[in-house]
Amino acid sequence: MKTLTIKTIERDFPNQWLLIEVTETKDGVPFKGHVIKAGNKRQEIVEEIGKNKSKRLFFFFSGMPASPDTAFALPLAFK
Amino acid sequence: MKFSIPFNRRVFRDFGLFVVPALIEHQGRSLYMPMIIDSAASYLTVRPDVFAQLGITPIRKAPLITASERTEASLGQVEKVTAGGRCSAVNVKVISISLPEALPAEGLLGASFLRNFLVSMDYDTGKFELTTK
């Protein structure tokens, strides 16, 4: 499998869910890796996480899921 | 020691949120995901499907209050969480809840992780720092 920078992978797989095996980090951040699975259906990509137990994985969406004027109010939880 | 933690500049510019790639390690699994720094969340928070894929065993149900409802969430614990490569915490409590699809991250780095550090967020200079205790 071809190892690429995360930036290149994001560019090559726009607006997709990605599961990447991380081969190199920089300042604690994934820097290089190769794509294990990519696609538009989140659930199909998530299901690969448990199947790749011994690998360092990076899971994320390569697009921006909300418009820049969006406001977020996030949850609180009781102990 | 104080560490500057890399974060997603575009999400910061568009939404004013600090989103960092956090590494969750549990049961032989190692998973980086973009997580929002959220001191208003009591726990590290992930979606139910990721909670299951990481092999996290629910300890109990935790009462949960969000901005819009009161409900319950599965509470578990992961072995290790790391931000910025060198800021790690072990045995971090985590809850599983359905987060909005439009969230520009896969979860929240809440107090169960942040409590292990002194936390500094400078919105003017765009700097997020963790200092080990």
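**Figure 1. A:Asp12 sits in helix α1 of chain A.** The helix spans residues 6-12. Helices here are DSSP runs of H or I with at least four residues, strands are runs of E with at least two, and both are numbered from the N terminus. This is a predicted model, in which local features need pLDDT of at least 70 and side-chain atom pairs count only at pLDDT 80 or more, while totals for chains, interfaces and linings use all residues. Residues are numbered from 1 along each chain as its sequence is written, and chains are lettered from A and ligands numbered from 1 in the order in which they are written. A:Asp12 and A:Phe61 are 49 residues apart in sequence. In space, their C-alpha atoms are 13 Å apart.

**Figure 2. Chain A contains 2 helices and 5 strands.** From the N terminus on, the order is β-α-β-β-α-β-β. The C-alpha atoms fill a box of roughly 40 × 30 × 30 Å along the principal axes. Chain A has a radius of gyration of 15 Å, but a compact globule of 79 residues would have one near 12 Å. This radius is taken over C-alpha atoms, and the globule rule is 2.2 Å times the number of residues to the power 0.38. Of the 79 residues of chain A, 28% count as buried.

**Figure 3. Strand β3(A) pairs with β1(A) and with β2(A).** Two strands pair if DSSP finds at least two bridges between them. β1(A) and β3(A) run antiparallel over 2 bridges. Here A:Thr5 stands opposite A:Lys32 of β3(A). β2(A) and β3(A) are also antiparallel, with 9 bridges. In this pair A:Glu21 stands opposite A:His34. The hairpin of β2(A) and β3(A) has 2 residues between the strands. In that hairpin, A:Asp27 takes a positive phi near 55°.

Figure 4. Two residues are in contact if their C-beta atoms, placed from the backbone, lie within 7 Å.

**Figure 5. A parallel pairing joins β4(A) to β3(B).** Strand β3 of chain B covers residues 29-37. The pairing has 3 bridges. A:Phe58 stands opposite B:Tyr32 in β3(B).

**Figure 6. The largest nonpolar core has 59 residues.** Such a core is a set of buried Ala, Val, Leu, Ile, Met, Phe, Trp, Tyr and Cys residues joined through C-beta atoms within 7 Å. A:Leu57, A:Phe59, B:Val20, B:Ala22, B:Met35 and B:Leu109 touch the most other members. β3(B) supplies the largest share of this core, 6 residues. Leaving aside neighbours within four places in sequence, the contacts of B:Met35 include B:Val19, B:Val20, B:Ala22 and B:Leu109. In soluble globular proteins, nonpolar side chains tend to be buried together.

**Figure 7. B:Asn8 lies in a loop of chain B.** The loop runs between β1 (2-4) and α1 (9-15). B:Asn8 is buried because 21 other C-beta atoms lie within 10 Å. Which residues does B:Asn8 contact, leaving aside its neighbours within four places in sequence? They are B:Val19 and B:Pro34. B:Asn8 and B:Ile36 are 28 residues apart in sequence and 9.8 Å apart in space, C-alpha to C-alpha.

Figure 8. The predictor's confidence in each residue is its pLDDT, from 0 to 100. Chain A averages 91, and 94% of its residues score at least 70. Where pLDDT is low, the predicted coordinates should not be read in detail. Chain B averages 94, with 99% of residues at 70 or above. The model scores ipTM 0.93 and pTM 0.94.

Key: A residue is buried if 20 or more other C-beta atoms lie within 10 Å of its own, exposed if 12 or fewer, and partly exposed in between; C-beta atoms are placed from the backbone.
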